[in-house]
Amino acid sequence: MFPVLETDRLLLREITCEDRSDIFACFSNKQVTMYYGQEALEHMDQAQALIDFFSRSYAEKRGIRWGVERKEEKNLIGTVGFNQWSPKHRRAEVGYELLPDSWRNGYASEAISAVLRFGFQELKLNRIVAVVFKENVASNHLLTKLGFQQEGILRDYMVQDGKAHDTYIYSLLNRI
């Protein structure tokens with residue numbers, strides 16, 4: 001059964017085919033995908049393929065992605081979760097994105113904090129990393145605020161719109 005997480009203002013839940021238009025709205029938005037490492041979606045069937053990918057990743061214990069929903073509204077404002085989840089090595093990479101009209105409201109911090117707790121407490125992760133474009137000032141600041149430590153630079157690590165970009169790699173260790 002897919003775990004549901006709840007915060008003061010947010011519900012983090014499984015992404016289903018009913019969320020296809022919300023996923024398309026998010027991942028077709030060039031402001032959202034600018035520092036994402038993938039091009040913006042152009043067709044609704046790509047949104048369904050992404051939902052299917054999230055579902056397969058969870059079933060195969062390679063990742064877990066939650067849809068982020070404000071409690072008072074029943075549509076997704078983004079997603080958050082783990083990629084490259086390795087239960088054997090007790091590590092994963094956190095990823096997240098929100099629609100621009102949800103930026104600067106503390107939603108990202110709230111959602112990521114819930115996912116980090118789940119990762120350390122329920123998945124028994126020891127290490128959570130984040131890979132962020134150097135130019136993504138807001139995300140770099142957010143990770144530092146959440147306690148992540150910058151470990152270094154991955155040169156030409158992500159390709160966006162045909163251009164290679166350097167990224168920072170951050171880590172947060174379970175010290176509980």
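Strand 3 and strand 4 of this predicted model pair in the antiparallel sense over 6 bridges. Strands here are DSSP runs of E of at least two residues, and helices are runs of H or I of at least four residues, both numbered from the N terminus; two strands pair if DSSP finds at least two bridges between them. Gly67 has Thr79 of strand 4 as its bridge partner. The two strands form a hairpin with 5 residues between them. Residues are numbered from 1 along each chain as its sequence is written, and side-chain values use heavy atoms, with hydrogens and water left out. Because the model is predicted, local features need pLDDT of at least 70 and side-chain atom pairs count only at pLDDT 80 or more, whereas totals for chains, interfaces and linings use all residues.

On its other pairing, strand 4 runs antiparallel to strand 5, with 7 bridges joining the two. Val80 stands opposite Tyr96 in strand 5. Strand 4 and strand 5 also form a hairpin, with 4 residues between them, and Arg90 in the turn has a positive phi of about 55 degrees.

Strand 3 (residues 64–70) pairs in the antiparallel sense with strand 2 (residues 10–14) over 5 bridges. In this pairing, Leu11 stands opposite Glu69 in strand 3. Strands of a sheet pair through backbone hydrogen bonds, either parallel or antiparallel. The 8 strands form an open sheet in the order 1-2-3-4-5-6-8-7, and the pairing is mixed. Strand 1 (5–6) and strand 7 (149–160) are the edge strands, each pairing on one side only.

The chain contains 5 helices and 8 strands, which follow the pattern β-β-α-α-α-β-β-β-α-β-α-β-β along the sequence. Helix 1 (residues 20–27) lies across strand 4 (76–86) and strand 5 (91–98) and runs at about 85 degrees to strand 4. Such angles run from 0 to 180 degrees between N-to-C directions, with axes as lines fitted to C-alpha atoms, for helices over the stretch in contact (heavy atoms within 4.5 Å).

Helix 4 (residues 107–121) has 15 residues, which at 1.5 Å a residue should span 21 Å; the end C-alpha atoms are 21 Å apart, in agreement. The expected span is 1.5 Å times one less than the number of residues. Because 11 of its 15 residues are buried, helix 4 is largely enclosed by the rest of the structure. Among the buried residues of helix 4 are Tyr107, Ile112, Val115, Leu116, Phe118 and Phe120. In helix 5 (residues 137–145), Ser139 counts as buried at 9% relative accessibility. Leaving aside neighbours within four places in sequence, Ser139 is in contact with Tyr96 and Val132.

Ala40 is placed in the loop between helix 2 (30–33) and helix 3 (44–59). Ala40 is buried, with a relative accessible area of 14%, and touches Phe27, Ser28, Lys30 and Thr33, not counting residues up to four places away in sequence. The C-alpha atoms of Ala40 and Val68 are 19 Å apart in space, and the two residues are 28 apart in sequence.

Most residues other than glycine have a negative phi, and most peptide bonds are trans. Lys61, a residue other than glycine, has a positive phi near 55 degrees and lies in the loop between helix 3 and strand 3. Asp156, also not a glycine, has a positive phi of about 50 degrees. Asp156 is found in strand 7 and is exposed, with a relative accessible area of 53%.

For the chain as a whole, a compact globule of 176 residues would have a radius of gyration near 16 Å, and the chain, with 15 Å, agrees. This radius is taken over C-alpha atoms, and the globule rule is 2.2 Å times the number of residues to the power 0.38. The C-alpha atoms fill a box of roughly 40 × 35 × 35 Å along the principal axes. Of the 176 residues, 48% count as buried. Among contacts between residues at least 6 apart in sequence, 61% join residues at least 24 apart. The accessible surface (Shrake-Rupley method, 1.4 Å probe; for residues, only the protein chains shown count as cover) comes to about 9,600 Å², of which 50% belongs to carbon and sulfur atoms.

Terms used: Buried < 20%, exposed > 50% of the residue type's maximum accessible area, 1.4 Å probe, protein only.
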